[in-house]
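User: Could you walk me through this model? I have a few quick questions about how the chain is put together.

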Amino acid sequence: MKLIAWNMSDGMVEIHKAGCNHRKSTRNAKGRSRQDQVEFGRTDWASQYDFAHDYWDNGILDEYEMEYGEGSFDVFQEMDFMPCTKGLPRHEYAAEVAAETPLAAYAGKEITETIREYAAWLTEQTGYEVDLRTVALAGTLRDKFQKSRRVA
Ligand SMILES: [Zn+2]
């Protein structure tokens, strides 16, 4: 999902689905105003976690975890996901989920431009409507799959 977001005067980050129709009417809701726009609707985010992690991944997150340990930083702090973003999964990948599906993080990775072009090309050439996420996973993880078969 593409998102647009602003740093707000009350310290929160207000996050909308790009193109949602109530984004202008909420300008002064909750007695706060928009400061800097920090997301411009260009990235197709796979999860709320991805966006939140990326937002903090500018030194703040690393610095904090260096001091307090891996995973100690809550990337959802100050994140105010508006109702229009409800369709975007939260995807936190808790430790136990990660153990069962060790490559789960790949399912949340950003779809690259190359993958988009590749998927479009596949559809064009074969007439089969492929989906982006599957193409991304299949393309990225093929090596790992082959390695896992060699070991077994
Ligand atoms: Zn909205």
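User: Which residues does Ala5 touch, leaving out those up to four places away in sequence?

Analyst: Ala5 touches Val13, Glu14, Ile15, Val38 and Glu39, where contact asks that two C-beta atoms, placed from the backbone, lie within 7 Å. This is a predicted model, in which local features need pLDDT of at least 70 and side-chain atom pairs count only at pLDDT 80 or more, while totals for chains, interfaces and linings use all residues. Residues are numbered from 1 along each chain as its sequence is written.

User: And what elements does the chain have, in what order?

Analyst: There are six helices and four strands, running β-β-β-α-α-β-α-α-α-α from the N terminus; these are DSSP runs numbered from the N terminus, with helices being H or I of at least four residues and strands E of at least two.

User: How are the strands arranged in the sheet?

Analyst: The four strands form an open sheet in the order 3-1-2-4, with mixed pairing, two strands being paired if DSSP finds at least two bridges between them. Strand 3 (34-44) and strand 4 stand at the edges with a single partner strand each, so one side of each has no neighbour in the sheet.

User: In what sense do strand 1 and strand 2 pair?

Analyst: Strand 1 and strand 2 are antiparallel, over five bridges, and Leu3 has Lys17 in strand 2 as its bridge partner.

User: Switching to the core, which residues touch the most other members?

Analyst: In the largest nonpolar core, which has 14 residues, they are Leu3, Ala5, Ile15, Trp45 and Phe51. Strand 1 (2-8), strand 2 (13-17) and helix 1 (48-56) are the elements giving two or more residues to this core. Such a core is a set of buried Ala, Val, Leu, Ile, Met, Phe, Trp, Tyr and Cys residues joined through C-beta atoms within 7 Å, and buried means that 20 or more other C-beta atoms lie within 10 Å of a residue's own, with C-beta atoms placed from the backbone.

User: What do the buried residues of helix 1 pack against?

Analyst: They pack against strand 1, strand 2 and strand 4 (79-81), and the buried residues themselves are Gln48, Tyr49, Asp50, Phe51, Ala52 and Tyr55.

User: Last one: does helix 5 lie largely buried or in the open?

Analyst: Helix 5 lies largely in the open, because the number buried among its 14 residues is one. Just after helix 5 (113-126), Gly127 takes a positive phi of about 80°. Over the chain, 16% of the 152 residues count as buried.

How values were computed
A residue is buried if 20 or more other C-beta atoms lie within 10 Å of its own, exposed if 12 or fewer, and partly exposed in between; C-beta atoms are placed from the backbone. The expected span of a helix is 1.5 Å times one less than its number of residues.
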